[in-house]
Amino acid sequence: NMRLYEEYRSYQNDSALACLSRNLLIARRQHDADREANCLSLMAYQSASVGRFTDAEALLQRVGNRGLSRQTLYNYYRALNYVYSEESYFSGVKSIRDSLAVEAGQYEARLFEIADKRSAAYKELLCGSLFNNGKWDAAMRVNDEWLAMTPESSREFAIVAYYRYLIFNAKGNVRAAVYWAGRSAICDVRHSVMDQGSLWSVADMISGTDIDRSYNYIRYSWQCSLFFGTNKRTAQISPVLGNIELAYQKKLHSANIWLAIISTCAVLLAVVSLLMLFYSNRQRRNLAVARNRLRTRNDQLQESFRQIKASCERLAAVNGQLHESDQVKEAYIARFFAL
């Protein structure tokens, strides 16, 4: 059941709780108070991860912190710290938010007391504490140590990468923040993590430059959250959806402006084309009329040429007759002079 819980805890919340519930019954039948407390603590943490804070508090109230093993006590304080931190984050009243943050800080201090300082859990705890207190350079140094001891193929690599994204983003290094958020999201997808915060963070950061990819990422994150069974992510994803919708509206407005410009140009081009077509048809008709006139004039000229040619032939015949008459006259005159 614990192995099944480990597989389900970031995949589907209800199934993870079902595995822990079966273990809780087994622990009670065996009168194992330590394992019972451990199951209750894990169930409280799992309930808080989906926003069921009332259930989480009720489960933690059933845990007695005496006589518990170090690991169970760590899970117990970790669940308390997580519940109060999340309640503080989502609280809308400042006084309540501050009071819950103080409670979370007290349980965080107890975690530091019992955590193994060489473990990855301690590095995560210390890195988160330094980051929340604004000590970003110190948090990055701890994160470097944590990264060195975390295999890239493990599911925990996504958490390390996500903290690096938070630190770089807080320091204003957007390029590095996007890179590490992307690495964290890739790791989440590869390990079928449905309760993910990396991909929608990427979607939020690129919503102003690549709306289509941002929308695809946020839609996938939304579907994953629904499959995991959490309502808590809805409050975090909704503002990103609002930003994407606003960016889409701006893009749509810009596209409408360009469409209006293109439509106006198309109408003007159509009008110019019609005018040119009208002018071309008119010129073609004028050319046809001129061609007909020229053909008529050419026919008249050819007829005149034929008449002139006939006149020339008649003149040539008359000229020939005159020439022959002149020769006869010359012959008679010569003969007259000879006589």
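**Exercise 1.** Are Tyr84 and Tyr107 buried or exposed?

*Solution.* Start with the source. This is a predicted model, in which local features need pLDDT of at least 70, side-chain atom pairs count only at pLDDT 80 or more, and totals for chains, interfaces and linings use all residues. Residues are numbered from 1 along each chain as its sequence is written, and side-chain values use heavy atoms, without hydrogens and water.

Now apply the cut-offs: buried is under 20% relative accessible area, exposed over 50%, partly exposed in between (1.4 Å probe, protein chains only). Both Tyr84 and Tyr107 are buried.

**Exercise 2.** Classify the ring pair Trp146 and Tyr163.

*Solution.* Rings of Phe, Tyr and Trp (its six-membered ring) pair if their centres lie within 6.5 Å; planes under 30 degrees apart are stacked, over 60 edge-to-face, the rest tilted.

- Step 1: the centres of Trp146 and Tyr163 are 5.5 Å apart, with planes at 55°, so this pair is tilted.
- Step 2: Trp146 lies in helix 8 and Tyr163 in helix 9, so the pair ties together parts 17 residues apart in sequence. Helices are DSSP runs (H or I, at least four residues), numbered from the N terminus.
- Step 3: Trp146 has 2% relative accessibility, so it counts as buried. Tyr163, at 19%, also counts as buried.

**Exercise 3.** Which ring does the charged end of Arg164 sit over?

*Solution.* The test requires NZ of Lys or CZ of Arg within 6 Å of the ring centre and within 35 degrees of the ring normal. Arg164 sits over the ring of Trp180, 4.7 Å from its centre. Arg164 is also one of the buried residues of helix 9.

Technical notes. Helix = DSSP H or I, 4+ residues; strand = E, 2+ residues; numbered from the N terminus.
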